[in-house]
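I opened the notebook to go through this structure piece by piece. The entries below follow the order in which I looked things up.

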Amino acid sequence: MKKVYVNEDWCLACHLCEYYCAAANSGAENMIKAFANGNKPIPRIRVEEGSGINFAVQCRHCDVPLCVKSCITGALSVKDGVISCDESRCVGCYTCVLACPYGCIVTSESSKVISKCDLCMKNNNGDPACVKGCPNKAIVLEER
Amino acid sequence: MKKYVIIGNSAAAIGAVQGIRSVDKDGTITIITDEAYHTYSRPLISYWLEGKVTDEKIYYREPDFYEKNNVMTMFSTRAEKIENGFVVLDNGGKVQYDKLLIATGSKPFVPPMKGLDEVEDKFTFMTWDSAKAIREKVTDGTKVLIIGAGLIGLKCAEALYHLNADITVVDLADRILPSILDVRAGEIMQKHIEQKGTKFILGASVEQFSKNSAKLTNGDTVDFDILVVAVGVRPNTELVSEAGGKVEKGIITDLHQQTTIENVYAAGDCTVSHDCSSDTDKILALLPNAFMQGEVAGKNMAGEETLYLNAIPMNAIGFYGLHIITAGSYNGDADITEDADKEIYKKLVFRDGLLKGFILMGDVARAGIYTSMIREQIPLTDVDFELLREKPQMMMFGKARREEKLAGITH
């Protein structure tokens, strides 16, 4: 299946992917409304920056999904290779945070449940906002 | 067509159903459980008790799980013994198996305590039924005495705090949560919980119960309306030991999860696991461990050879709003950072050139990157040590691992 891959040689650390992701998952109809009135919607992709190295990290949709196997409630599940969270069943125990080898389960003080990348299945029919928004094509959706 | 029988209906049993069905779509699967419910998440009983999780959301798998996986269920039925390829039931019936899984979990351990018989409203806290029984007795201001400051006792305390109960926790140990926290982390958590109004009396046990009070070994007397005993659990191993299978601290299995009895497998809290972080055998009573062991057992039962490897102790749990994630073993050189005012504590433990264990309290973000270091036994020489110490991050790994994991490029 197609997954999101990053090319760290091309990442500019502009963080636009984080903004596009947060806006897409906020439920608002556009970026301006998503961030209006001091709202800070949570991105499910995060850019790591170092000395000359930058890259974005988001859910790898692993073939052996430790987060799903570890989930104590059954909130996390796999459908057609895409791992998603039923937030109505998440209690915020963070067992998935403990289990994910890539640190891709997102927690925030403003939310009692976790959030994670679902390849924009729910908000944009599987057309990921981070990929569309990356100005340097460092993030791609491909079969590899 | 193979006949699969599973005794138990919690995480290990469900893992086994999924494991079997990933290999064999046709064999019959029968689940035998002494509880009356569709599979529910045992750790959710505290969330249910406090009212955060409803009857509809306590279920571990969707309502049509058994139907979709073609599983027959025998609820409220106790398996009495294993005999010549049959499971003998308490109702006199017998169920034949080709492959059997023991996923019987554990039961609360209630030590002999003087006068305990005089206490009318006494409970343990392991099952949905036990949570329901407690719920009926608790209203605003109900005085609750909990014996045991471990994971179960304190999850029960947290739930009852949300119901405005007046809670006292007594433990023989001089600190709380000793199974997952070190002394200092235990102090920070204890203070956090005490600030919410829950009282602790540590280093003491009950000398004598009367109907509504407990006289303690330190001279205190605690009055209570209800008593919860949460001092520990014992694995349910009798079915295997009575059939001649090897049992030590728990049921002994090989890496295929097979017991020493042919065609009989075991998984979950009733079994002994190998903890690769300390290289010792122990019971790892953890839901993820149970599910994954069950899944491995199921695959092997269905004929796909699979090994259960890389097990470690690991817990993600919160109390009264303060999160903790811990994993591995704490025997080694410790690197500790602390900001007690913010209730942040971090301990990394190194030994033999490896990360062996950690405690993260308060700030638990991306902890799984550390967990993977322990489970996969990635040498410290393969990572940027200063970045590892700073926080869990993919940047600490070399470019090759990052490209493999994030860009799908195999080197």
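**Entry 1: A28 in chain A**

I started with A28(A), which sits in the loop between helix 1 (16–24) and helix 2 (31–34) of chain A. The model is a predicted one, and I read every entry here with that in mind.

I then listed the contacts of A28(A), setting aside neighbours within four places in sequence, and found A23(A), K33(A) and A34(A). I also checked A28(A) against C130(A): the two are 102 residues apart in sequence, and their C-alpha atoms are 16 Å apart in space.

**Entry 2**

I looked up which residues of helix 1 of chain A are buried, and noted C17(A), Y20(A), C21(A), A22(A), A23(A) and A24(A). The cover over these buried residues includes helix 2, strand 2 (46–49), strand 3 (54–57), helix 5 (121–124), helix 6 (129–133) and strand 8 of chain A.

I followed strand 8 (residues 139–142) of chain A to its partner, strand 1 of chain A; the two run antiparallel and are joined by 4 bridges. K3(A) stands opposite E142(A) in strand 8 of chain A.

I next went along strand 1 (residues 3–6) of chain A and saw the side chains alternate.

**Entry 3: contact between the chains**

I looked up how many residues each chain gives to the contact. Chain A gives 30 residues and chain B gives 37 residues. On the chain B side, the elements with two or more residues in the contact are helix 8 (287–301), strand 21 (314–319), strand 22 (322–328), helix 9 (368–375) and helix 11 (399–406). I sorted the residues of this side of chain B by class and got 23 nonpolar, 8 polar and 6 charged.

**Entry 4: domains of chain B**

I noted the division of chain B into domain 1 (3–107 + 235–301), domain 2 (116–231) and domain 3 (323–406). The C-alpha centres of domain 2 and domain 3 of chain B lie 33 Å apart. I found 7 residues of domain 2 of chain B in contact with 9 residues of domain 3 of chain B. The domain 2 side of that contact divides into 4 nonpolar, 1 polar and 2 charged residues.

**Entry 5: sheet 3-2-1-7-18 of chain B**

I traced an open sheet of 5 strands in chain B, in the order 3-2-1-7-18, with parallel pairing. Strand 3 (71–74) and strand 18 (264–266) of chain B are the edge strands, each pairing on one side only. The twist averages 20° from one strand to the next.

I checked one pair: strand 2 (residues 28–32) and strand 3 of chain B run parallel over 4 bridges. I32(B) stands opposite M74(B) in strand 3 of chain B.

**Entry 6: helix 1 of chain B**

I counted how many residues of helix 1 of chain B are buried: 10 of its 11. They include A11(B), I14(B), V17(B) and R21(B). The buried residues of this helix pack against strand 1 (3–7), strand 2, strand 3, strand 7 (99–102) and helix 8 of chain B.

I then took the pair with helix 8. The axes of helix 1 (residues 11–21) and helix 8 of chain B come within 6 Å and cross at roughly 35°, and the crossing is right-handed. By class, this contact has 14 nonpolar, 6 polar and 2 charged residues.

**Entry 7: sheet 9-16-10-11-12 of chain B**

I traced another open sheet of 5 strands in chain B, in the order 9-16-10-11-12, with parallel pairing. Its edge strands are strand 9 (122–123) and strand 12 (199–202) of chain B.

Strand 10 (residues 143–147) and strand 16 (residues 226–229) of chain B pair in the parallel sense over 4 bridges, with I146(B) opposite V228(B) in strand 16 of chain B. Helix 5 (residues 151–162) of chain B packs on the sheet and touches strand 10, strand 11 (166–171) and strand 16 of chain B. I noted that the direction of helix 5 makes about 170° with that of strand 11 of chain B.

Key: Residues are numbered from 1 along each chain as its sequence is written. Chains are lettered from A and ligands numbered from 1 in the order in which they are written. This is a predicted model: local features need pLDDT of at least 70, side-chain atom pairs count only at pLDDT 80 or more; totals for chains, interfaces and linings use all residues. Ala, Val, Leu, Ile, Met, Phe, Trp, Tyr, Cys and Pro count as nonpolar, Asp, Glu, Lys and Arg as charged, and the others, Gly among them, as polar. Two strands pair if DSSP finds at least two bridges between them. Axes are lines fitted to C-alpha atoms, for helices over the stretch in contact, and angles run from 0 to 180 degrees between N-to-C directions. Domain bounds come from an automatic or database domain assignment. A crossing is left-handed if the near helix is turned anticlockwise from the far one by less than a right angle, and right-handed if clockwise. A residue is buried if 20 or more other C-beta atoms lie within 10 Å of its own, exposed if 12 or fewer, and partly exposed in between; C-beta atoms are placed from the backbone.
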